[in-house]
Amino acid sequence: MTPNAHSINPLFGPNRSDVSGRASYGSMLFLLVFASVFASCRSGNDKANAPKKVAVIVSTLNNPWFVVLAETAATEAKKLGYETKIFDSQNNTSLEADHFENAIVSGFNAILLNPTDSDGSIVNVMKAKEAGIPVFCMDREVNSSNVATSQILSDNYSGCVAIGEDFVKDLNKKGNYVEILGLVGDNNTWNRSKGFHSVVDRYPGLNMVAQQSADFDRNKAMDVLESILQAHPDIDAVFCGNDAMAMGAYQALVAAGKANSVGVYGFDGADDVMNAIRDRKIRATGLQSPQTMAKTAARFADEYFKGKRDFAQRIPVAVELVTQKNSADYETPARP
């Protein structure tokens, strides 16, 4: 007997009615949709329950002071329960931009930033803001008051006012000196220089014979001072915009046989300079606290994740003057 057209269903085979075929197909479709929704919900829940991620982007890891800043920030964020990763911008704003793109695409939830450039880093911070990612600046600032969530900064100007006062006293208000500047695109460079000159420029007996940038780099500072000494061999002191350059300047003075007659002043409170002050090789430095700035930034990120939004735009952190007279009062800053 030839079956009629309604007795065979092409999907479910013979001897099934159209009604039962549609019912079975509907059940399968329901199960597939349910499984898909369940998997999606599970994936969403897994993502929601996953620990948030914090990117630590620093200007350079070629300076022990910034290594402490980065490691402290990462360690503090981990203690607070977050995954962390450190990115080294190598003092290159373009590389910093790549790190921001990476952090945004990779799903980082906050960025703790030590900017490479006060102006050049603004666009990178803006990209993160547009992506809904808060940025907390550490030590260095960006020249904008509406892109970073908050900026935790050393009081560079006041710190270098104190150095200037000690400098004037040590030189008895007269003598020739050299200033070695940091990165010209960094506000810290100019805040430190301005603080120093706000004191020193009041004394006509103090004569700056040269002022040159060494990009906060130890080797560059050594080369810069070696070159300056050829034109100006009779100097009494060198003021450097950070401790790495102070150590480079000291090396140049050792090579020139002038280490005992020329005073060197730095800024940061780096381990090697703190020890050099105790050994009476460096005259003084401004002791910043990378630990304080880094921990504050990490805690701010934690507070942001928990709902806080009203952060102060700029938070100054005090700088302490360390000299050969009071260096015994200060322990070398510990690693995190």
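Start with the lining of the largest pocket: six nonpolar, six polar and seven charged residues. Here Ala, Val, Leu, Ile, Met, Phe, Trp, Tyr, Cys and Pro count as nonpolar, Asp, Glu, Lys and Arg as charged, and the others, Gly among them, as polar. The model is predicted: local features need pLDDT of at least 70, side-chain atom pairs pLDDT 80 or more, while totals for chains, interfaces and linings use all residues. Numbering runs from 1 along each chain as its sequence is written, and side-chain values use heavy atoms, without hydrogens and water.

**Largest pocket.** It holds about 290 Å³ of space. Select N62, N63, F216, D217 and R218, the closest to its centre of the 19 lining residues. Then colour α2 (64–79), α7 (218–231) and α8 (243–255), the elements that give two or more residues to this lining.

On a 1 Å grid over the protein atoms alone, a pocket is an open set of points with protein on both sides within 12 Å along at least five of seven lines; a cavity is a set where a 1.4 Å probe fits but cannot get out; lining residues have an atom within 4 Å of a point. Points join across faces, edges and corners, and a volume is the space filled by probe spheres set on them. Helices are DSSP runs (H or I, at least four residues), numbered from the N terminus.

**Second largest pocket.** Select D166, K169, D170, R280, R283, T323, Q324 and K325. The volume is about 160 Å³. Helix α5 (residues 156–170) gives the largest share of this lining, three residues.

**Cavity.** One cavity reaches 30 Å³ or more. Select W65, F66, D139, R140, D186, N188, R192, F216, N242, D268 and Q288 to see the lining of the largest cavity.
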